[in-house]
Every structure is written in structure tokens, then in C-alpha cells.
Amino acid sequence: MNDLVASIPFLGKRHPAVARWGTLALIILAPILAGYFGRTWIRVLDFALLYMLLALGLNLVVGFAGLLDLGYIAFYAVGAYTWAFLASPHFELHWPIWAILPLGAGFAALAGIILGFPVLRLRGDYLAIVTLGFGEIVRIFLNNLNYPVNITNGPQGINGLDPLVLFGWDLSRTLRLGDFQIHSLYLYYYFFLLCVAGAVILIHRLQISRIGRAWAAMRDDELAAKAIGIDTRAMKLLAFSLGATFGGVAGGLFGAFQGFVSPESFSLMESIAVLTMVVFGGMGNIVGVIVGALALTFLPEILRHVAVPLQQTLFGHVILDPEVLRMLLLALAMIFMMLWKPAGLVPAQARYSRPGLLARERP
Amino acid sequence: MDILLQQIVNGLVVGSVYALIALGYTMVYGILGLINFAHGEVLMIGALTALQTLGVLERIAPDLGPLAQLAIALGVAVPVCMTLGFLMERLAYRRLRNAPRLAPLITAIGVSFLLQTVAMILWGRNYHTFPQLIPTTPLEPVSGVFITPVQITIVVVSALMMAGLLVLVNRTRLGRAMRATAENHRVASLMGVDVNAIIGATFVIGAGLAAVAGVMFASNYGIAHYAMGFLPGLKAFTAAVLGGIGNLGGAMLGGIVLGLVESLGAGYIEHLSFGFLNSSYQDIFAFIILGLVLIFRPTGLLGERVSDRA
């Protein structure tokens with residue numbers, strides 16, 4: 001939180017208290033503000049939070065441990081399909097969230113370990129390609145496992161997933177408090193917000209722990225890390241499976257929120273999109289990743305609402321449709337970020353577990 | 001038995017295209033240690049440029065023979081792709097030569113998606129039919145085994161281009177400079193080699209090969225579209241790794257082996273998995289081979305052991 005505030009230009013350093021309370025108020029009031037522009041924008045906010053969860057998880061792998069994973073969306077798919085199998089009319093199962101989310105996370109972590117075990121000996125760029133292949137294999141299976149036994153329902157995907165129900169409270173229904181009504185999209189926002197906040201706290205603690213420091217050491221110089229006694233193999237596996245866990249949880253939430261899953265949501269494009277969020281915001285920096293996810297979920301939507309009407313008035317018809325614009329934006333963001341600001345919008349700084357120690361040494 | 005022979009023929013045809021693309025990967029990797037992720041996209045641009053040229057030719061010179069049409073289409077597609085390869089290196093990769101190791105790879109992914117998007121804008125999302133300029137009526141050299149003239153052309157052209165490349169790399173001054181640069185940039189430049197020019201030339205040659213491969217690929221399947229480069233690119237990369245990345249002969253061998261495995265696998269997967277999997281799983285063979293090679297023999301079939309650059 002303090003880091004987030006400190007990264008706000010000007011205000012953050014001069015009036016930290018104003019910046020802090022301002023940010024907090026903004027976070028809480030965001031869906032209400034977005035609501036003025038229409039329901040779609042609350043939905044976009046909800047998706048931004050899901051992407052934050054994903055980007056935070058991928059950041060564990062790419063940013064902290066320095067392993068480029070191009071098949072991250074596969075873990076998201078595992079989580080989403082776990083929800084689809086266990087809470088939808090597809091298999092006539094309707095398990096509670098407390099059973100499915102941990103299971104989904106567990107399956108995703110397991111998938112991470114299964115993938116990680118053989119491939120983690122590989123050098124960075126080889127690892128990237130193999131994980132990409134893994135992502136594609138998962139997608140091919142999701143697409144084709146409707147024959148001879150229908151498991152995934154193929155390209156059509158699975159419909160009618162159960163919504164999130166917390167203690168008998170259905171998040172997909174409008175909440176009524178007397179005359180006051182709260183739409184389901186707001187409820188999802190606050191629930192996802194809680195999840196993201198939990199993830200941030202967890203990941204922050206992880207980053208400054210022994211494990212986090214071991215990851216940083218390994219990322220910066222693997223040989224040196226080995227030499228000082230870090231079990232790099234175990235650390236890589238841990239990064240992989242923990243990152244996958246976040247993907248699995250986000251996937252489950254996505255399935256419940258969206259109400260249906262299909263292999264199309266888990267294409268390579270999505271893996272790349274999440275990676276771009278991490279790269280754009282700042283690899284290895286929690287605040288950066290959050291900013292990246294927020295920016296790259298909102299920018300395409302804004303473009304969709306601005307560029308399409310603009311093209312219609314200028315040329316009379318739509319030349320670049322929104323999906324193309326999104327791809328263009330992501331690709332350009334990735335290239336230009338790497339060329340001009342490889343550390344991202346909010347660059348990661350060296351972290352110390354006891355900042356006071358450093359302050360005393362430097363009078 | 002006929003099926004076996006037929007699948008071997010198909011495998012050889014696809015494999016020789018993979019080999020041609022794999023050469024581009026392996027040359028760039030040999031010199032820069034970079035996986036040029038956008039290489040598959042060069043193939044796509046090559047095929048679509050050729051298609052566009054053919055469309056224009058149709059209008060301005062409708063009574064040209066099919067071979068002349070093909071030659072002109074190649075004559076346009078190859079320089080376009082070469083320019084593209086040169087620009088990629090000059091504008092994106094050169095600035096990242098000394099950057100942390102993930103930066104060039106992430107940029108390459110970005111370039112790949114940028115090219116796909118640009119192609120989508122220029123040519124739309126639809127599948128285009130690629131004209132069949134070389135006759136496609138199958139010949140039957142052995143009973144039950146069919147091979148089309150297109151396929152024969154593909155194998156012959158690939159073989160010729162690979163032979164040409166080998167001569168270029170092993171017998172000419174440019175080739176010697178390329179080998180020197182691959183071994184050590186700094187020492188090569190001390191010996192008077194213009195390292196930047198050589199790296200540029202490598203990208204240009206690789207892109208040229210990819211353009212030819214793209215045209216052949218599109219003529220074989222009769223289809224071209226904006227995402228056609230992704231899978232062949234990935235498979236060719238697998239072929240390069242299988243043969244031993246950085247090794248020209250290895251890339252050729254890897255391409256052929258991969259083509260064979262894939263087409264035999266697709267033909268027999270239904271029997272092997274007792275009807276559970278069918279030929280729609282064809283594409284996973286490349287990934288499985290890639291995984292297995294990297295785990296058990298990371299240096300590939302013909303590669304020598306290289307130390308991990310820490």
C-alpha cells in the first residue's frame with residue numbers, strides 16, 4: 001500500500017497521507033464511479049481485478065524467480081474447468097465454493113509441478129517455448145476431449161456454471177437492503193478486491209521472506225545462488241507451483257463470474273496478454289504489476305469506446321475492430337517497453353527485509 | 001503397408017518445409033543466441049505477399065503461364081520478407097544485444113504478435129484460397145501411394161535451397177564471416193569482420209528462406225491466412241532443437257524427422273490409443289518431442305554440448 005502511494009507522481013512524496021487516503025477512497029468508490037458510465041465499466045473493473053490476480057501469480061514466476069512462462073493461462077484453464085466440472089449441470093455436480101476453489105488451486109499447483117519437474121533444468125528461452133507448448137497442449141485437449149467420452153464438451157465449452165455462493169449468499173443476485181439495491185457486479189467487485197488484497201499481502205510477505213530473497217538471488221545469478229547453498233531446483237518448483245496456484249484460484253473465480261467456460265478463453269493470446277501486463281507494469285514489482293493489469297485491461301476498453309465511433313465518423317466504417325486494437329496495443333506495449341523502459345512503468349527496487357538497517361547505515 | 005508408405009511421403013514433404021524454416025531459427029540462434037520468435041510470422045507474410053502479387057498479376061497480365069506467375073510472386077515475396085527480416089534486426093533486436101536475457105525474447109514475442117496483427121489488418125481474418133499453380137493431380141508411382149507435383153516440387157526446391165545455403169556458409173567469404181561471428185563476436189570484429197552487417201545478413205537470408213517456405217506451405221495446403229505462421233514456426237523451432245540448435249545439418253535432419261514422426265503419428269494415433277485420441281491431436285507431437293528432446297538430450301541429435309551461459 002505504501003509503495004503504491006509512493007509511486008503516485010508528485011503527490012505521493014509530498015503529501016503521503018492525502019495520497020494514501022485518496023487511493024483507498026478511490027479503490028472503494030471505483031465501482032460506483034464506474035457505474036456512472038454504465039454497467040459495462042463495472043464489469044471491466046471486475047475483469048481488471050481477475051487479471052490482477054493472474055498477473056500477480058505470473059509475476060511470482062517471471063518477476064521474482066526469473067522464469068519466463070508462456071503457458072501460464074493453462075493454470076487459469078485448470079482452475080476454470082475444475083469449477084465447470086464440479087459446479088455446473090454438465091456432470092450434475094454442485095459442490096460448494098469451499099471445496100472447489102482449494103481443489104482448483106491444488107490441481108493447478110499439481111499441473112505446475114508436473115510441468116515444472118522435467119522442464120526446470122532448461123535455460124530461460126527453452127523454458128519459455130516448452131511452457132508455451134504445454135499451454136497449447138492443454139488447449140488442444142480441452143478442445144478435443146468431447147470424444148469418445150464427453151469430458152470438456154469440446155469447443156462449445158460448458159454453460160450454466162454455478163455462481164459464487166458465500167455462506168448461502170448468492171453473489172450473482174442483486175442484494176436488497178430495504179430500499180437500497182446493490183447490483184451483483186458490485187458484489188463481485190468487492191469480493192474480488194478482497195481476493196486481490198489477500199494475494200498482495202501474501203505475495204508481499206513471500207517476497208521479503210527467505211524464499212523471496214532466494215528467488216531474487218537465483219534470478220540475478222543462478223550460479224552464485226547455487227554456490228551460496230540455495231536449492232535452485234526446489235525454489236524454481238516452488239515458484240512454479242505457487243504461481244500456478246494463483247492462476248487456479250483466478251480461473252475458478254473467472255468461471256463462476258462468467259458463467260461459462262470454453263477453450264477460446266485460454267488461448268496463447270491470453271498468456272501473452274498477462275505477460276504483457278507484468279512486463280508493462282514492472283517485472284518483480286507488486287505495485288507495477290497491479291498498475292499494468294489495470295492499465296492494460298482498461299486501455300483496450302477505452303479504445304473500444306473511443307476508436308470505433310471515431311473511425312465511423314472519420315471513414316464511415318470500422319477499419320480496426322476492437323479485438324485488433326487490443327492485440328496491436330499489447331504487441332506495441334511489449335516491444336516499446338522492452339526497448340525504452342525494460343524495467344516497466346513502476347520499476348522494481350531492491351528490497352530489504354529490514355529497511356531500517358539500511359537507513360541507519362546511510363546517514 | 002500402403003498407408004505406411006503414404007505417410008512417409010507426406011512426412012517427407014512437410015518435413016522439408018519444416019527444415020527450411022528451421023534453418024532460419026538455427027542460423028539466428030547460432031549467431032545471437034536468440035530465439036527469433038517472429039520467424040514463423042515472416043513465413044506468413046511471405047505467403048500472403050505472394051498471394052497478393054498473384055492477385056495483381058491476375059488483373060494486369062492474365063495470360064501469363066503458371067510458372068512465370070509463381071516466379072514473379074516469389075520475386076516479390078522474397079525481397080519483402082528479406083527487408084522485413086532486416087528491419088526486425090535493425091529496429092528491435094540490435095538495441096537489445098546486451099540486455100538481460102529475457103528482454104530480447106519478450107521483444108521477439110511482441111514482434112511476432114505485431115506482425116500477426118498487421119497481417120490481420122491488411123488481409124483480414126478470413127482464410128484465403130491460395131491458387132494451385134503447379135498441377136495437383138496426384139501421381140501414383142507405387143500402387144496405393146500418391147504424390148502430387150506440388151509435393152515433388154517442394155522436396156526438390158527445399159533440397160536445392162539447403163544445398164545452396166550449405167555452400168554459402170562453408171565455401172564463401174560471407175559464410176566464413178558468419179561462422180566466425182557465431183563463434184565469438186568480439187574476436188571476429190578484431191579480425192576485420194563487420195559483425196553488425198553479418199548479423200543483418202543472417203536475418204536477411206533466414207527471412208528469404210522463410211518466404212520460400214511460406215509460398216510452398218501455402219501451395220501445398222491451398223490456404224493462406226494471418227495466423228498460418230504460428231504453428232509451422234513453432235514446429236520448425238522444435239525441428240531446430242531436435243537437430244541441435246545452431247547446427248545447419250541438424251536443422252535439416254530435425255525437420256525431416258519431425259515431419260515423419262508427425263505424419264506417422266497422425267496416421268496411427270487412433271490405433272495406438274485404442275480409439276481414444278484421433279488425428280486432431282496431430283499438433284501435440286511436436287510439443288511432446290520438444291519436451292522429450294530438451295529433457296533427455298538438450299543438445300539435440302547433432303549438437304555438441306554447449307555450456308550454460310550464466
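Biologist: At what angle do helix H5 (residues 149-171) and helix H8 (residues 195-221) of chain B pack?

Modeller: This is a predicted model, in which local features need pLDDT of at least 70, side-chain atom pairs count only at pLDDT 80 or more, and totals for chains, interfaces and linings use all residues. Residues are numbered from 1 along each chain as its sequence is written, while chains are lettered from A and ligands numbered from 1 in the order in which they are written. Helices are DSSP runs (H or I, at least four residues), numbered from the N terminus; axes are lines fitted to C-alpha atoms over the stretch in contact, and angles run from 0 to 180 degrees between N-to-C directions. The axes of H5(B) and H8(B) lie 10 Å apart, and the angle is about 170°.

Biologist: How are H3(B) and H8(B) oriented to each other?

Modeller: Helix H3 (residues 66-93) of chain B has its axis 7 Å from that of H8(B). Their packing angle is about 140°. H3(B) and H8(B) are therefore oblique.

Biologist: Which helix supplies the largest share of the side of chain B that touches chain A?

Modeller: The contact (C-beta atoms, placed from the backbone, within 7 Å) takes 33 residues from chain B and 34 residues from chain A. Helix H4 (102-123) and helix H11 (284-296) of chain B each supply at least two residues of that side of chain B. The largest share, 13 residues, comes from H4(B).

Notes: Angles under 35 degrees count as roughly parallel, over 145 as roughly antiparallel, 65 to 115 as roughly perpendicular and the rest as oblique. Two residues are in contact if their C-beta atoms, placed from the backbone, lie within 7 Å.
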